[in-house]
Amino acid sequence: GAAHMWRNHGITIEVAGDALSDANRVVITPDYNSISGRSARVIGYSALAGEVITVIIVEDEGVVYGVNGWVSNIKDRGIYRDGSDREQGRTNE
């Protein structure tokens, strides 16, 4: 995941971790683009990047893995901004 994020999106593990640790992050389970329904979408602010970042995570046997991440698009930035307006499947954790 780390090489893919950097190569394709210019996002480092540190930036993804920063977004994942945002106290105001929004977690969407399952990710609205997930085919398998196994992944979650986490949208959080990264002070390191100065951007809202979308990180895709998957849990396998109790371990959570970050599998992709990018600078959030307009849809995800809106979801982050309106994070208190919960939709089905979305939680603020």
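A: Let's start with a term: a residue counts as buried under 20% relative accessible area, as exposed over 50%, and as partly exposed in between. Keep in mind that the model above is predicted.

Q: Thanks! Is D31 buried or exposed on that scale?

A: D31 has a relative accessibility of 7%, which is under 20%, so D31 counts as buried.

Q: And how much of the whole protein is buried?

A: Buried residues account for 38% of the 93 residues.

Q: How do I read the fold along the sequence?

A: List the helices and strands in order. Here the pattern runs α-α-β-β-β-β-α-β, with three helices and five strands in the protein.

Q: What does D31 pair with in a salt bridge?

A: For a salt bridge, look for a side-chain nitrogen of Lys or Arg within 4 Å of a carboxyl oxygen of Asp or Glu. The side chain of D31 meets that of R41, with N and O 2.5 Å apart. This pair links distant parts of the chain: R41 belongs to strand β2, while D31 sits in the loop between β1 (26–28) and β2, ten residues away. R41 is buried too, at 2% relative accessibility.

Q: How many salt bridges are there in the whole structure?

A: A search finds four. One of them joins D60 to R38, with the closest N and O atoms 3.9 Å apart. Because D60 is in strand β3 and R38 in the loop between β1 and β2, the pair ties together parts 22 residues apart in sequence. D60 is partly exposed, at 37% relative accessible area. Another salt bridge is formed by the side chains of R81 and D82, at 3.5 Å from N to O. R81 is exposed, with 62% relative accessible area, whereas D82 is partly exposed at 31%.

Q: Which residues do shared partners join into one network?

A: The network consists of D31, R41 and D76, joined by salt bridges that share partners.

Q: Which residues form a nonpolar patch on the surface?

A: Look at V63, Y65 and V67, which together have about 240 Å² of accessible area. V67 lies in strand β4 (residues 63–71) and is partly exposed, at 35% relative accessible area.

How values were computed:
Residues are numbered from 1 along each chain as its sequence is written. This is a predicted model: local features need pLDDT of at least 70, side-chain atom pairs count only at pLDDT 80 or more; totals for chains, interfaces and linings use all residues. Side-chain values use heavy atoms; hydrogens and water are left out. Patches are made of residues with over 30% relative accessible area and no salt bridge: like charges are joined within 9 Å, nonpolar side chains (Val, Leu, Ile, Met, Phe, Trp, Tyr) within 5 Å. Accessible areas come from the Shrake-Rupley method with a 1.4 Å probe; for residues, only the protein chains shown count as cover. Helices (H or I, at least four residues) and strands (E, at least two) are DSSP runs, numbered from the N terminus. Buried means under 20% relative accessible area, exposed over 50%, partly exposed in between (1.4 Å probe, protein chains only).
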